[in-house]
Amino acid sequence: MIAKLDKFKSTPVVRFFRENNSIYILILVIIAACISASPKFTRPANIINLTQSIGTYGILAIGLTFIFLVGGIDLSLAYQVALDGTLFVLMCNSIGFFPALLITLVLGCCIGYMNGTIVTRLKIPSLIGTLAVMTSLKGLVLILNNDSSGRAVEATLFGERLSHFYNIKLFGFLTPSHIICIIFLVALGMFLKYKRDGINMYVVGGNPEAGLFSGINNDRLTRMAFTIGGFCASFCSILVVMRMNTSTYNMGDNLDIIAICSVVVGGVKMQGGKGNMAMCIMGVATIQIINNVMTKLGMRTAMQALITGIVVILVLILDKITSNIKANNA
Amino acid sequence: MKRVLGIVLAFMMVFAFTSCKGKEKKAGTSGDAKEVSVLGDVNGDGVFTVAYIAVTTTLAPYPIDILNQFQAYADKHEWELEVYDGNGDVNTQTEQVASVISDDIVDLVVLFPVDSAAAVTYVKDFSEAGIDVITITSDVKAEGQSMVYCYVGPDQKNGLVGPGANYILEHFKAGSNYVILSGWEAQYDYIVREASVNEFFTDAGYNQLAVKYCGASRDTAYEEMSALLVANKDIDFVFALSDEFALGGVQAIKEAGYKPGDITVVSLEAFIDSMEQVKDGWIQLTVTQTGTDLMTKLAEVIYSWMAKDSIDYVQLSTGTTITADNAAEWETKLPY
């Protein structure tokens with residue numbers, strides 16, 4: 001069986017796919033399918049909307065990629081987005097945009113650092129630790145979204161300038177979410193590729209024992225990864241707020257699922273040690289394109305969730321098969 | 001292997017997507033006189049297309065009933081109905097609004113918003129795109145209402161909350177303790193209902209022990225009510241803002257060992273399931289709210305919009321109070 005597979009893998013077509021990351025080909029095929037299925041998909045307005053979503057959710061996924069790289073997971077991301085967004089709106093209304101922006105980003109880093117500390121200092125698995133943080137953040141968000149008598153806070157709208165900013169188009173198509181996402185991709189991509197801490201994160205996630213023997217401070221890098229995750233979550237929350245021109249207590253709902261699915265589909269290993277910015281953004285693009293075209297085709301949300309889930313499961317199965325083959329070959 | 005299977009998966013998706021292609025409406029095929037004369041066809045594609053952007057079409061009986069009635073009405077009158085289910089998620093609804101605008105084939109939007117504040121941005125975007133909006137059941141916040149043709153929904157205060165509030169005012173003295181079982185915290189109709197209850201009871205001297213938000217879940221209402229009964233032994237009445245929560249609350253009251261009438265429960269959005277509880281005295285009063293009531297009014301409003309008539313902003317659908325006296329009669333009439 002393995003011999004047959006080896007022979008199959010050496011055929012020119014398969015070799016071509018092996019030499020080029022399959023996600024790029026997958027995404028091209030999906031785009032072709034989308035164009036074929038829905039002419040509305042290729043409308044410029046839709047492409048801009050779609051890429052804005054990729055940019056906005058991509059930033060969250062970038063942060064999660066770092067956490068995955070060190071072998072962690074952060075289930076509190078959705079409520080980090082909700083908390084950061086709510087505080088950003090409240091502060092925008094009181095102290096102005098730039099102080100609010102700064103404080104929100106610092107807060108994001110602090111929450112991320114706290115998560116990292118829970119995982120490294122208290123030695124609590126990230127799944128459990130961040131689940132507890134998520135529950136607390138959810139409560140905090142609900143408190144902040146209510147007045148003293150328990151009723152929903154009335155006006156969270158703070159003018160229209162921010163939503164205008166979100167929709168500004170340079171050269172007719174380049175919006176702030178595109179630019180910010182590209183900056184994040186390039187800067188953090190270079191960090192992972194060229195900076196020692198970035199390179200060492202692969203060791204922390206892939207082979208932590210080897211990291212320890214090499215003198216790498218695994219705990220410090222884990223905290224750094226979670227801090228980057230929190231920072232990205234706060235930036236994502238600001239973009240989501242700008243898009244809606246308001247914050248809501250449930251504005252983070254499903255964003256964690258979207259981010260996790262995207263990063264997994266992109267090929268970033270949840271076990272740690274494998275992944276990069278290109279994989280991350282391609283995963284986000286894949287999930288967003290699939291969701292976009294399903295909306296265009298009039299599919300109900302339940303069906304969309306089902307199909308998205310199936311895609312993720314299939315990708316995980318493929319990943320498992322590949323791992324097994326590699327293990328057998330070794 | 002992974003790559004090959006990936007390609008197989010991709011081709012399966014091509015097949016799946018292209019299979020759905022036939023369902024899509026062809027835009028921009030107008031031209032002959034017959035098509036242009038279609039009533040309500042603003043963009044001239046020969047079809048009157050309505051986008052129904054809903055908070056949910058699956059999570060609660062009332063929205064399900066609205067969709068069923070809307071679809072039946074659209075089919076009967078040959079309207080093209082594009083349905084978008086927000087699934088209670090504000091981000092999903094934001095994406096759907098952007099999608100409707102970029103598609104540019106819709107003549108009219110009927111919006112049942114997930115969040116009233118976020119909906120202000122939606123109606124502003126629709127306004128800039130030249131698409132008219134009618135809100136149903138949950139309105140946008142006041143800032144956005146000038147950009148909406150009208151709001152269609154039940155008379156939340158006097159029609160839905162009023163009968164229960166008046167019943168309580170007749171039967172309870174100052175100092176009585178009560179709890180409110182509500183739905184989604186930030187959704188307009190629940191905000192209005194809760195505010196209406198508070199307004200009715202402003203001078204009554206009642207003690208509000210808690211307001212619990214149960215989403216669209218009877219189970220959550222059951223859990224919240226169970227916890228309240230443990231924490232407070234002196235609850236006199238429960239004001240449920242939907243029968244979904246009244247039923248969860250009644251279940252908790254029964255399991256806590258109370259008898260019918262020990263704790264008064266008033267509610268709204270009458271469900272078939274509730275009729276047995278009303279007849280047995282567990283629920284003292286509820287008020288009907290059906291998709292048919294809403295659709296009757298919505299259809300009137302859409303025809304007014306087609307005729308470019310100017311109408312009042314608030315268009316109220318009707319409801320009926322149900323007590324033990326008429327519960328048996330309504331049991332067979334209610335849609336869910």
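Biologist: In this predicted model, which residues of H4(B) meet which residues of H5(B)?

Modeller: From H4(B), Val90(B), Gln93(B), Thr94(B), Val97(B), Val100(B) and Ile101(B) take part, and they meet Ala118(B), Tyr122(B), Asp125(B) and Phe126(B) of H5(B). By class, this contact has 7 nonpolar, 2 polar and 1 charged residues.

Biologist: Why are H4(B) and H5(B) called roughly parallel to each other?

Modeller: Helix H4 (residues 90–103) of chain B and helix H5 (residues 116–128) of chain B pack at an angle of about 5°, and their axes are 10 Å apart. Angles under 35 degrees count as roughly parallel, and H4(B) and H5(B) are therefore described in that way.

Biologist: Why do E2 and E11 of chain B stand at the edges of their sheet?

Modeller: The open sheet of 6 strands in chain B has the order E2-E1-E3-E4-E5-E11, with parallel pairing. Strand E2 (80–85) and strand E11 (314–317) each have a single partner strand, so one side of each is left without a neighbour in the sheet. From one strand to the next, the twist averages 20°.

Biologist: How do you know that E1 and E2 of chain B pair?

Modeller: At least two bridges between two strands are required for pairing, and strand E1 (residues 49–54) of chain B is joined to E2(B) by 6 bridges in the parallel sense. H4(B) lies across E1, E2 and strand E3 (108–111) of chain B, and runs at about 170° to E1(B).

Biologist: What makes E7 and E9 the edge strands of the sheet of 4 strands in chain B?

Modeller: The order of this open sheet is E7-E6-E8-E9, with parallel pairing, and strand E7 (207–213) and strand E9 (264–266) each pair on one side only. Strand E6 (residues 177–182) of chain B pairs with E7(B) over 6 bridges in the parallel sense, and Leu181(B) stands opposite Lys212(B) in E7(B). Helix H6 (residues 156–171) of chain B packs on the sheet, touching strand E8 (237–240) and E9 of chain B, and its direction makes about 160° with that of E9(B). Helix H8 (residues 218–231) of chain B lies across E6, E7 and E8, running at about 150° to E7(B).

Biologist: What confidence does the predictor give to the chains and to the complex?

Modeller: Chain A has a mean pLDDT of 83, with 85% of its residues at 70 or more, while chain B averages 85, with 89% of the residues scoring at least 70. Over residues 148–157 of chain A the pLDDT is below 50, and it stays under 50 over residues 17–36 of chain B. For the complex, the predictor gives an ipTM of 0.77 and a pTM of 0.75.

Note on methods. Residues numbered from 1 in each chain as written. Chains lettered and ligands numbered in written order. Predicted model: local features only at pLDDT ≥ 70, side-chain atom pairs only at ≥ 80, totals over all residues. Heavy atoms only, no water. Helix = DSSP H or I, 4+ residues; strand = E, 2+ residues; numbered from the N terminus. Axes fitted to C-alpha atoms, helices over the stretch in contact; angles between N-to-C directions. Contact = heavy atoms within 4.5 Å. pLDDT = per-residue confidence, 0-100. Parallel < 35°, antiparallel > 145°, perpendicular 65-115°, else oblique. Nonpolar A, V, L, I, M, F, W, Y, C, P; charged D, E, K, R; others polar.
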